[in-house]
Amino acid sequence: MSCLMVERCGAVTFKRSEQNAIQVRMLADGRLSTGHAGVLLAERRGSYPLIDLRILKTSAQQGEVESGTRRKVKRLLSFQRYCHASRLLRGLVPHTPGSLHLLDDDYLGQAAHMLSKVGTWNFDIFLFDRLTNGNSLVTLMCHLFNVCGLIHHFQLDMVKLHRFLGMVQEDYHSQNPYHNAVHAADVTQAMYCYLKEPKLAEQLSPLDVFLGLMAAAAHDVDHPGVNQPFLIKTRHHLASLYQNTSVLESHHWRSTVGMLRESGLLSHLPADISQDMEQQLGSLILATDISRQNEFLLTFREHLDNQDLDLQLASHRHFMLQIALKCADICNPCRVWELSRQWSERVCEEFYRQGDLERKFDLEISPLCNQQADSVPAIQIGFISYIVEPLFEEWHRFTEPSLLSQTMMGHLHKNKARWSCLRCAHTPSDVQAHSHADEPNPKGGGGEGENIP
Ligand SMILES: [Zn+2]
């Protein structure tokens, strides 16, 4: 290419004067540097600590995977920023969410109409995402921050807020069937519904609402579409960085902190306040680690049994925000069937893709990731029985009397019955082969976070 090109892909600005040049400059301090043989090493913008985006370590002593294979896996599984840069360097137009300005007024009018009903449980986030041209998360968050009075209360700069939300939305992987920005928007909308529950709403401070919505919006940011056991067995650097514990959740949190600092959204607040907000965000996001499900469930149940929740205490309100976020994160089976079914198929598709990768690279196929053995109905029935029902029964107890909780429990039972019918439609031998999916598998199973039945 003869002329000098300056292009921008999300937060990555890069410059090249010739086709083979690989020099990418991040907007902030991060940078992409030239690797040999076309291997691009990237540092994430503003992440603390800075991390590169290599999916597998390449040192020779970790020779579980052949070097050529490692390169292929790296290309297939690289995190979002690497993908963007890689696509640009191959001359492909990157996927970036379109501008609202490209939309016909009719679409914006319909999106605005939907926002007027954002607190209703049958809110169709898929439709809303289409109407906002893929900007559901940014649009929803701006609206909720506005109606909750958070912009005024925290004196937020709208430009910085928009920039921060744009970065968060963009760092979700649109190619993930499930862990993408629409899931984040869906969880945020559910969280908003839960924050409005009278039992909570009467006690929550503006800071609580701010943290609840922010944590929901960012709780899966930069999710690679594979689970923690996969990152551990492929010796991903994040697994060692976070010592194989809450690897993804830690990454989601630290990425969020990086973007908060880069956007300067909280820079006008005293340092101790903004640091406290970052810590509380971390505590909320880390609570979505499904391996801690029993810990939270038992504590929640104990509080309800003892009737000792005092929501005037900040620590108890924080605990309830953790519970509300956990509920929001796994609320798919509590939605109306048509929405619920779509999420179920998407999450299973993500599992199966992981299984396909594991098969391709001769890795052991994770539980629930084998499309031939693990059917969608079987996965969903296990998920509902062992994860969703126990938590929502307690949530129902906490919020009682709540119309929303009644509605959710109604959908949950109907959806479970429907999956049972669909599973019965499989051949008896299939059912027998799949029956293990009903067994609880809380740790090291096939799905990350909200997905392990
Ligand atoms: Zn999630």
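Start by selecting Ser246, which sits in the loop between α12 (237-241) and α13 (247-263). The model on the screen is predicted. Is Ser246 buried or exposed? Its relative accessible area is 8%, and buried means under 20%, so Ser246 counts as buried. Now show what surrounds it. Setting aside residues up to four places away in sequence, Ser246 touches Gln228, Leu286 and Asp289.

## The recorded sites

Take them in turn. His183 is in helix α8 (residues 181-195). With 0% relative accessibility, His183 counts as buried. Asp329 belongs to helix α16 (residues 314-329), and at 2% relative accessibility Asp329 is buried too. Show both side chains: a polar contact of 3.2 Å joins Asp329 and His183.

Move to Asp220. Its place is the loop between α10 (206-218) and α11 (228-233). Asp220 has 1% relative accessibility and so counts as buried. Which side chain does Asp220 meet in a polar contact of 2.8 Å? The partner is the side chain of His219.

Now select His179. The unreviewed UniProt entry places the feature "active site" here. His179 is found in the loop between α7 (158-171) and α8. At 0% relative accessibility, His179 counts as buried. UniProt also places a "binding site" feature, again from an unreviewed entry, at His179, Asn180, Ala181, Val182, His183, Asp220, Asp329 and Gln380. Select that set to see where the record puts the feature.

## The nonpolar cores

Turn to the nonpolar residues. In soluble globular proteins, nonpolar side chains tend to be buried together. The largest nonpolar core in this model has 106 residues. Select Phe145, Tyr194, Phe210, Phe392 and Trp395, which have the most contacts inside that core. Then keep Phe210 and show its surroundings. Leaving out residues up to four places away in sequence, Phe210 touches Phe145, Leu150, Phe154, Leu156, Leu266 and Met277.

## Lys199 and its surroundings

Select Lys199, in helix α9 (residues 198-201). Lys199 has a relative accessible area of 38%, which means that it is partly exposed. Which residues is Lys199 in contact with, leaving aside neighbours within four places in sequence? They are Leu311, Phe398, Thr399 and Glu400. The side chain of Lys199 reaches the backbone oxygen of Phe398 at 3.4 Å. Lys199 and Ser402 are 203 residues apart in sequence, but their C-alpha atoms are 9.1 Å apart in space.

## Helix α19

At the start of α19, a side-chain oxygen of Ser402 comes to within 3.3 Å of the backbone nitrogen of Leu404.

Select the whole helix, residues 403-424.

Colour the buried residues of α19: Leu404, Ser405, Met408, Met409, His411, Leu412, Asn415, Trp419 and Arg423. Then look down the axis of α19. The buried residues fall within an arc of 165°, and therefore line one face of the helix. An α-helix has 3.6 residues a turn, so residues three or four places apart point the same way.

Methods
Residues are numbered from 1 along each chain as its sequence is written. This is a predicted model: local features need pLDDT of at least 70, side-chain atom pairs count only at pLDDT 80 or more; totals for chains, interfaces and linings use all residues. Side-chain values use heavy atoms; hydrogens and water are left out. Helices (H or I, at least four residues) and strands (E, at least two) are DSSP runs, numbered from the N terminus. The expected span of a helix is 1.5 Å times one less than its number of residues. Buried means under 20% relative accessible area, exposed over 50%, partly exposed in between (1.4 Å probe, protein chains only). The arc is that of the directions from the helix axis to the C-beta atoms. A polar contact is a pair of N or O atoms within 3.5 Å; within protein, one must be able to donate a hydrogen and the other to accept it, and residues adjacent in sequence count only if both atoms are side-chain atoms. Contact means heavy atoms within 4.5 Å. UniProt positions are given in the numbering used here, feature names are shortened, and annotations may be inferred rather than shown by experiment. A nonpolar core is a set of buried Ala, Val, Leu, Ile, Met, Phe, Trp, Tyr and Cys residues joined through side-chain atoms within 4.5 Å.
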